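Try each task before you read its solution.

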Amino acid sequence: MIIWLSFAVLATATTAALLHALSSSRARPVRDNSNATRVYRDQLLELDRELTAGRIMPSEYELAKAEIARRLFKAADDITPGGEPPSRINAAVRLSIVAFLPLLSIGMYVALGRPELPSMPLQKRLDNPDRDLAVLVRKTEMHLARYPEDGRGWDVIAPVYLRLNRADDAEKAYRNAIRQLGLNAGRLRGMAEALMAESNGKITEETRQALERSLSIEPNNPRTRFYIALGMEQAGKMVDARAAFEAIVKDSPADAPWLPLLNQHIAMNGGAPAGADQAAPGASAAAPANPTQQDMAAAETMNAGDRQQMIRGMVESLDAKLSEDPNNFEGWVRLVRSYAVLNDKDRAAGALKRGLAAFPPPGEQGSQLLALARELGIAPEGATQ
């Protein structure tokens, strides 16, 4: 009801302003100087008679005649002819404004507005920001601009920045929170995740140190342990990475939602996923081209160059087998991740595209491949077609 009253007040004020402007232009008095012109003409005739009778000098006659002529011309110019037609035009315009302006305003609001939405003034939205995350972020930023030493504010907004993919802001917020409030496992892990996001998923030395400090405070956190194991995997320490992933599986509940992801990494690093020991004798516990235990032991004795060459050979072997038999979802997951670990993004993107050809995105497995691509920072251009 309030909004309609507001509309009525605004429409009335606008209409009144327009009508006032029109009526002001019409209300100027029309000066009819026709009588004055007759008077001046009579004066000119009288002046001629005075000159003929010899009562004034010719010089006086010319001076007086010039003055009367000037007044006559001025009086003629001041006459406003046809005053009635403009009045009729103004009346039509006023009628149009009174009749159509409110109707036009209401019609536009009905067509473009949202009358069913409840009113929510800005201050009320700021006081109750849960309905709008952007308002919450903005309100917190305004607060922190005034009080930059509020560690609690930085602690609150840091994970929100991370959720909004604002990794740089998240890192700064976590650092401010740590400086103001001190170290704890969550802040260190959050800062590590922000650093990972900035480096497209790479576990840098600074990230690893933050994760290890977090793990020293909270030793059994599976997410922190996973990131540390992932860093080992990225560094090519396949045995250490596999052992770290298997340790997380061992300490996790049987229905933990992260077990499938851990099993993928275990298989990639040459181990058998949880439950694979019950497979039939002679059957391969993992997808094609898994390295054997002997291969892994041999890898530990190699130098870095030979170990990298061995890993690439196994990955290429897996690639060849998937080309022959593409109906192997776990194999595509391992291949994409392997190329990413080898920092061969072009081949990783190619493997992703081929895997999505075998398992299209509308399906669950295709969606998992796309999620893997996002995790690894691989752009799936053209892969979803």
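F329 and F359 are both buried (under 20% relative accessible area; exposed is over 50%, partly exposed in between; 1.4 Å probe, protein chains only). This is a predicted model, where local features need pLDDT of at least 70, side-chain atom pairs count only at pLDDT 80 or more, and totals for chains, interfaces and linings use all residues. Residues are numbered from 1 along each chain as its sequence is written, and side-chain values use heavy atoms, leaving out hydrogens and water.

**Exercise 1.** Classify the pair of F226 and F245.

Solution. Start with the rule: rings of Phe, Tyr and Trp (its six-membered ring) pair if their centres lie within 6.5 Å; planes under 30 degrees apart are stacked, over 60 edge-to-face, the rest tilted. The count by this rule is three aromatic pairs. For F226 and F245, the centres are 5.7 Å apart and the planes stand at 50°, so this pair is tilted. Helices are DSSP runs (H or I, at least four residues), numbered from the N terminus. Now check burial. F226 is buried because its relative accessibility is 11%. F245 has 0%, so F245 is buried too.

**Exercise 2.** What kind of aromatic pair do F329 and F359 form?

Solution. Their centres are 5.7 Å apart, with 75° between the planes: edge-to-face. F329 belongs to helix α16 (residues 329-341), F359 to the loop between α17 (345-358) and α18 (364-376), so the pair ties together parts 30 residues apart in sequence.

How values were computed
Helices (H or I, at least four residues) and strands (E, at least two) are DSSP runs, numbered from the N terminus.
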